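Hi there,

Here is the structure I promised to pass on to you. Please open it alongside this note, and write back with any questions.

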Amino acid sequence: MQNNQKSNTDLMKSHDSFECVDQRRIDSLNITIEEYRHKKTGALHYHLASENKENVFLVGFRTVPMDSTGVAHILEHTALCGSKHYPVRDPFFMMIRRSLNTFMNAFTSSDWTAYPFASKNTKDFKNLLDVYLDAVFFSSLDEMDFLQEGHRVEFSQPDNPESELEFKGVVYNEMKGAMSSPVSILWQTVSKHLYPTTTYHFNSGGEPADIPDLTYQQLKDFYKTHYHPSNAVFMTFGDMAAADHQKTFEEKALSEFDKLDVHIAVEPEKRYLSPIAVEEAYAYDLSADDTSKEKKTHHVMSWLLGPCISLDEMMKANLLTQVLLDNSSSPLRYALEKSDLGSSPSPLCGLEDSNYEMCFVCGLEGSEVEHAVEFEKLVLSVLEDVAQNGISHDRLESVLHQLEISQREIGGDGFPFGLQLILEGLTAAIHRSDPSAVFDLDPVIESLREQIKDPEFIKRLVKEYLLDNQHRVRLTLRPDTELSARKEQAEKQRLASIKASLSDDDKQRIIKRAADLEQRQEQVDDPDILPKVGLEDVPAELSIPEAQPRKISGTDSQLYTQGTNGLVYHEMAIDLPELTEAQLDLLPYYSSALTELGCGDNDYLKMQDLQSSMSGGIQAQSSIMAATNDVQSTSAYFLFAGKALNRNNARLATLMRDTIHTVRFDEHDRMKELISQQRARRERSVTGSGHVLAMTAASSGMSPVAALSHRFGGLEAIRYIKQLDETNHGDNAAQSIAQFAEGLSGVHQQIMASTYRYMLTAETDKVDSLVNEFEQVWTAEAPTASVKAFSLAEKHHPVKQMWVANTQVNFCAKAYPTVPMEHPDAAALSVLGGFMRNGCLHTAIREKGGAYGGGASHDSNIAAFKFFSYRDPRLAETLEDFDRAIDWVLTNKHEPQQLEEAILGVIGAMDKPGSPAGEARQAFHNSLHGRTREKLQTARQRVLAVTVDDLKRVTETYLQVDKASTAVITSAATYKITGDLGLEVIHL
């Protein structure tokens, strides 16, 4: 390692089986990175020593497949299906419910596979470590699990050899869903042409057409070489000592291995001598409401850059990418947003820096095939302009300012903070580089700050990395309305050919194998083989940041003192006033537009520059929730928030004040761009979040907030924005967008007349001075008149809907009306979701049905109990499985262990930590909506007291089949086969 501080390995303590290599202190992150090597196998261990009590583990393997059979992905699934010391069928999912983990998963990337988990409980961490080590190094790899998780052929009627053959398998169906997404197809196609000879040429997740080519023996062979300690990287984070981890690594796994002389690595790509242009197609299915494939073409340009293991190369590439694409005032993004050649910039715009050799991508979506050459000219003209005229020094400083914020901010609201850090360093470790350098960006930022003083610096970067780089691909991806049918026909012909080649004995073997697999899926394993935590290990109290009430600028506000590592967070909560139905439809668009428009004398481009130069971002949103004791009553706020380095506290306050007080609604072209971009994002959400959209639709008739969720962020929102976007580009576009702008202005005036309060989050020793600065900007400005409070009409009606969309897989949901948070039965209903998932839904929907996921949950905010499936090959059968889950609860005898596991799942979700700022923000929002510490603690105690009899009682009381609402998302092709299933058909 190259250190900014002299390492001292004498201070490091390792287990005898490991040798100390180096260490580096990263003050900006308050961690020390320690590097160790296993003496016998050469396995690397990077420990990120921290005072954080949420400990994280990850073991990663270099996995470099050279085909698209999905071998690495299927192995990731199959490795978690039983091992030497834990010979149960499904230890991964069994441990999820026997644990207080804050994160458990496994990932397959393009050139690595990783198995991470996190927990705040030491006993739990050690339990999970034992199971994970056994799973990856001593996996059973049972052939039945390969058939379940990977692929198999079965008769459509499993015991009838005269019925048609079908491909089945969890990964097979997962990738059918993943490759339904045009963006996934776009990225895979870019990679195929940009990386013609290396592993990135192939789909590591697996192409549905290629997955059936993978054999069981190939899977086992891949495992033997790739899942060996000599090819492994261990990474840990937290307050547990590295030596303690290493003791477990050695005793549970590494002592049984010798060094393997196999060097797995990605080789440098063979470079093109001149740019290439290609055109390919993706499947686009027309519907009753969408009979045209106009403006559905994607254009992208991509360049292959240098290796990611060079921190200098990586940071220069990041700098250049941010300069060109960071926000709407960045030259390349500006050109793409303003261009009439497409509707919006491609979601692929940016830098991919996790591959061994990085790539830069930019593009347009919503275009036509014939615009390809003009698109390329547009991009090159922008790059040539930057190469000739450069970029202002202020803009370059803003990019470095954003890098500084990203280096300092403590995350943890999505992934655990320690896992975020580990994943940032994993790419370097996998490619045998120095991950500690990636964490220590301060010296790199200072070096770049010196280099950007030279006006020629950014000009040289554009020329070297892009204009003079001949390894460039222009890709056009056009819609093909017949491709789905051709793929389906090819699959049928392949299956028919397989069937024609089968002897009677072969057919009987398929029938027997299907029966054997079903028997294995029905097998009840002894859960006590696995370690566990119990209710006795659950903390008695919730951990919630304490607010300090304080008058700030004349308002009753709140302060939170958290370890924010040099950042300050502002939030303004405005009581949402009464809005008309038309204004309510506009509220989400007002929220997203507020920080994207000009203010005062500054147009939106100048405001984008100001935001980047002085803040880590500002954002607005509405927050509308049901009362804790009445789901038909609501509380509603408009939230306006931002963050900045402490030194920019006053500038952030000024930026936010000016934004909300002087926002302009006269930039009509900008509004049209924002709507088109938002439409594209919403339309893409179906393949990735279809289960959420289906549940939102199914529960939309159960309460006002549920209906609003469907209207603001559900399938109904997608329909609305499509219509809005098309109107804004129609014959009366000017009038339409003027009315839209006038509507936003009306919403703004209503909101600004309402009462408000503030919330600030900062470090204890800085908070007083930061508040004083804040008050110098936000002087007391009480509203001049009282406004009528926000309210929504009651909702009580069932939903029966089938949404037809552009997808190759299905998403199913059922919902039942229940009770809000304060009702005594809410606790049992929250436990019931996990109880059903663990006991029957996982087996029925994922293992037998082949869906990627499925389960149930209770949402007390809308008083609804919801079933769902994700990337599901079935429809009616899954809906029947939901009903069978109800019967399973009512008619079976259940063991106390099943109940305890379900309770642990609920408690684990309650106790999942967030970032310091995120936890404060959540506490503030809870206080706004009456979710007090006392109410939350009562709900926790009720969960801990739930009995099996409670589960049966609430199932019988609330989950009555005649009260169910149903929503499914499916394809036009499936709809033609199944019919409407008694549901209202809506074409998306």
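Below is what I found in it, grouped by the kind of feature. Before you start, please keep in mind that this is a predicted model.

**Aromatic pairs**

The count of aromatic pairs comes to 39. One of them joins F61 and Y115, whose ring centres are 6.5 Å apart with an angle of 75 degrees between the planes, an edge-to-face arrangement. F61 belongs to strand β4 (residues 55-62) and Y115 to strand β7 (residues 112-119), so this pair ties together parts that are 54 residues apart in sequence. Both F61 and Y115 are buried.

A second pair to look at is F107 with F415. Their ring centres are 6.0 Å apart and the planes are at 20 degrees; because planes under 30 degrees apart count as stacked, this pair is stacked. F107 is in strand β6 (residues 107-108), while F415 is in the loop between α12 (393-408) and α13 (417-430), so the pair links parts that are 308 residues apart in sequence.

**Helix packing**

Two helix pairs are on my list. In the first, the axes of α12 and helix α20 (residues 604-614) come within 7 Å and cross at roughly 45 degrees. That angle makes α12 and α20 oblique to each other, and α12 passes α20 in a left-handed crossing. Which residues make the contact between α12 and α20? From α12 they are R395, S398, H401 and Q402, and from α20 they are D609, Q611, S612, S613 and M614.

In the second pair, helix α22 (residues 668-698) packs with helix α23 (residues 704-713) at an angle of about 170 degrees, and their axes are 11 Å apart. Angles over 145 degrees count as roughly antiparallel, and α22 and α23 are therefore roughly antiparallel to each other. Here R682, L693, T696 and A697 of α22 meet S709, H710, F712 and G713 of α23.

With a relative accessible area of 38%, N30 is partly exposed. R871 is buried, with a relative accessible area of 11%.

**A buried histidine**

Finally, please look at H245, which is found in helix α8 (residues 242-252). Its relative accessible area is 1%, so H245 is buried. What does H245 touch, leaving aside residues up to four places away in sequence? The residues it touches are H45, H47, F125, T236 and M240.

That is everything on my list for now.

Best wishes

Note on methods. Residues are numbered from 1 along each chain as its sequence is written. This is a predicted model: local features need pLDDT of at least 70, side-chain atom pairs count only at pLDDT 80 or more; totals for chains, interfaces and linings use all residues. Side-chain values use heavy atoms; hydrogens and water are left out. Rings of Phe, Tyr and Trp (its six-membered ring) pair if their centres lie within 6.5 Å; planes under 30 degrees apart count as stacked, over 60 as edge-to-face and the rest as tilted. Helices (H or I, at least four residues) and strands (E, at least two) are DSSP runs, numbered from the N terminus. Buried means under 20% relative accessible area, exposed over 50%, partly exposed in between (1.4 Å probe, protein chains only). Axes are lines fitted to C-alpha atoms, for helices over the stretch in contact, and angles run from 0 to 180 degrees between N-to-C directions. Angles under 35 degrees count as roughly parallel, over 145 as roughly antiparallel, 65 to 115 as roughly perpendicular and the rest as oblique. A crossing is left-handed if the near helix is turned anticlockwise from the far one by less than a right angle, and right-handed if clockwise. Contact means heavy atoms within 4.5 Å.
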